[in-house]
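Dear colleague,

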Amino acid sequence: MTDNAQPMTDTLQTLRERAEAGDARAQNRLGECYVQGEGVERDEQRAIDWWLRAAEQGDVDAQFSLGYCYAEGIGVRADPAEAFAWNLRAAEQGFSSAQFNVACYYDDGIGIERDPSRAAEWYHRAAAQGHAAAQYNLGVCYETGEGIDPDPAEAVRWYRLAAEQGHALAQGNLGVCYYNGQGVEPDPAEAVRWWRRAAEQGVPRAQHNLGCCYYSGEGVDPDPAEAVKWTRLAAEQGEAEAQYNLGLSYEQGRGVDPDPAEAVRWTRLAAEQGEAEAQYTLGYCYMHGDGVEKDFAEAVRWYRLSAEQGVAEAQCNLGYCYENGHGVEKNLEKAVHWYRAAAEQGLSIAQYNLGNCYDMGRGVKQDPKQADEWLLRAAEQDHPEAQYALGENYAWMGDFERSRYWTRRAAENGHVEASISVEKWAEMDQE
């Protein structure tokens with residue numbers, strides 16, 4: 001049950017005699033024999049009996065083994081409080097694995113009332129002895145401020161100690177710290193180095209991050225095929241963002257041949273996990289028949305899920321569906337609701353659509369002032385339809401200087417009718 005089991009140099013009979021005579025180490029070893037079926041018939045209850053005798057004498061290995069048995073229900077009924085108690089006795093003797101377990105009990109509130117500060121204290125004790133998992137968890141505490149004052153530099157220190165011992169999650173988190181400049185100077189190349197080490201151990205998030213770097217060329221030369229390789233490994237482990245990115249790769253032909261059906265397959269897997277951008281993209285596929293049969297009702301379903309998570313493009317498209325009755329009963333008030341949600345996030349096409357609703361009194365009381373305010377927001381983002389509409393509105397108000405200004409801006413952005421107007425003005429000016 002422990003990593004430092006005694007070698008079986010004594011005969012079983014001698015071991016039993018020593019144990020019966022009260023030798024705690026022999027009692028612990030005899031417990032190990034019974035739980036493993038080593039030289040005796042396997043008997044978990046007898047193992048517990050011998051460990052109890054050793055543990056009561058202060059044998060740390062026996063105390064730790066009893067903690068494990070009570071946690072897992074081996075030879076006894078599972079009892080988290082008893083598991084905590086035996087781990088605590090071993091921990092107080094300096095046994096690092098028991099200290100780590102005590103920290104986890106406090107962290108999770110198992111067998112004892114949850115106490116993040118005590119958890120951090122015990123993580124620190126185990127970490128100081130070189131316990132890699134405790135070093136990682138202590139790093140998390142310092143990063144999040146759970147049970148301890150947040151300290152990004154300390155988080156990096158403990159992540160590094162664990163990472164250098166090969167702790168995969170610590171390697172992944174250390175990569176994040178280097179990428180974001182948390183507790184260290186930003187260094188994409190160093191981020192890639194640690195993500196690679198974690199990714200090679202199968203950490204899906206690190207595989208996803210490494211794939212992103214190969215897509216973008218951050219910290220490494222861009223390589224779409226290598227990006228797809230790491231993204232696929234993460235996606236196959238269920239990493240939702242990786243599934244979404246792999247879907248985009250198939251859609252755009254980045255590192256793989258374009259394949260609309262495969263794009264939809266991976267996008268759907270991500271969307272079903274609640275990945276908001278994937279839900280929006282899947283809705284778009286159903287709206288336009290990209291890789292699937294066109295289905296407005298399905299488009300609305302996925303747009304709604306994404307919109308409720310705050311994706312502005314999904315909110316706008318859901319508004320469009322309500323405005324036009326695509327896949328849902330036409331409802332102009334709901335169209336305005338979703339246009340507004342997207343417009344307030346700064347999406348120019350939603351600002352334009354909301355401006356039009358105010359201009360025409362569709363789903364909302366007609367309000368020329370509000371119309372122009374929303375059209376102006378969209379126009380300032382170079383939305384050509386909004387620029388042209390704003391130019392028309394200013395012309396109706398007799399403000400021809402502003403009308404020409406916005407019409408020219410629309411023409412510069414490729415608006416056909418605005419370009420015709422600008423050409424006519426040029427002809428009139430020549431006359």
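The crossing of α3 and α4 is left-handed. Please note that the model is a predicted one. Helix α3 covers residues 44-56 and helix α4 residues 60-72; their axes come within 8 Å and cross at roughly 135°. On the α3 side, the contact is made by Ile48, Trp51, Leu52, Ala54 and Ala55, which meet Ala62, Gln63, Ser65, Leu66 and Cys69 in α4. This contact of α3 with α4 comprises 8 nonpolar and 2 polar residues, with no charged residues.

The crossing in which α10 passes α11 is left-handed. Among the α10 residues that meet α11 are Leu174, Val176, Tyr178 and Tyr179, and the α11 residues include Trp194, Trp195 and Arg197. The contact of α10 with α11 divides into 9 nonpolar, 3 polar and 2 charged residues.

As regards the largest pocket, about 180 Å³ of space lies in it. Its lining consists of 13 residues, and those nearest the centre of the pocket are Glu251, Thr281, Tyr284, Cys285 and Asp290. Two or more lining residues come from each of α14 (240-252), α15 (260-272) and α16 (276-288). By class, the lining of the largest pocket holds 7 nonpolar, 4 polar and 2 charged residues.

With kind regards

Conventions:
Residues are numbered from 1 along each chain as its sequence is written. This is a predicted model: local features need pLDDT of at least 70, side-chain atom pairs count only at pLDDT 80 or more; totals for chains, interfaces and linings use all residues. Side-chain values use heavy atoms; hydrogens and water are left out. A crossing is left-handed if the near helix is turned anticlockwise from the far one by less than a right angle, and right-handed if clockwise. Helices (H or I, at least four residues) and strands (E, at least two) are DSSP runs, numbered from the N terminus. Contact means heavy atoms within 4.5 Å. Ala, Val, Leu, Ile, Met, Phe, Trp, Tyr, Cys and Pro count as nonpolar, Asp, Glu, Lys and Arg as charged, and the others, Gly among them, as polar. On a 1 Å grid over the protein atoms alone, a cavity is a set of points where a 1.4 Å probe fits but cannot get out, and a pocket is an open set with protein on both sides within 12 Å along at least five of seven lines; lining residues have an atom within 4 Å of a point. Grid points are joined across faces, edges and corners, and a volume is the space filled by probe spheres set on the points. Axes are lines fitted to C-alpha atoms, for helices over the stretch in contact, and angles run from 0 to 180 degrees between N-to-C directions.
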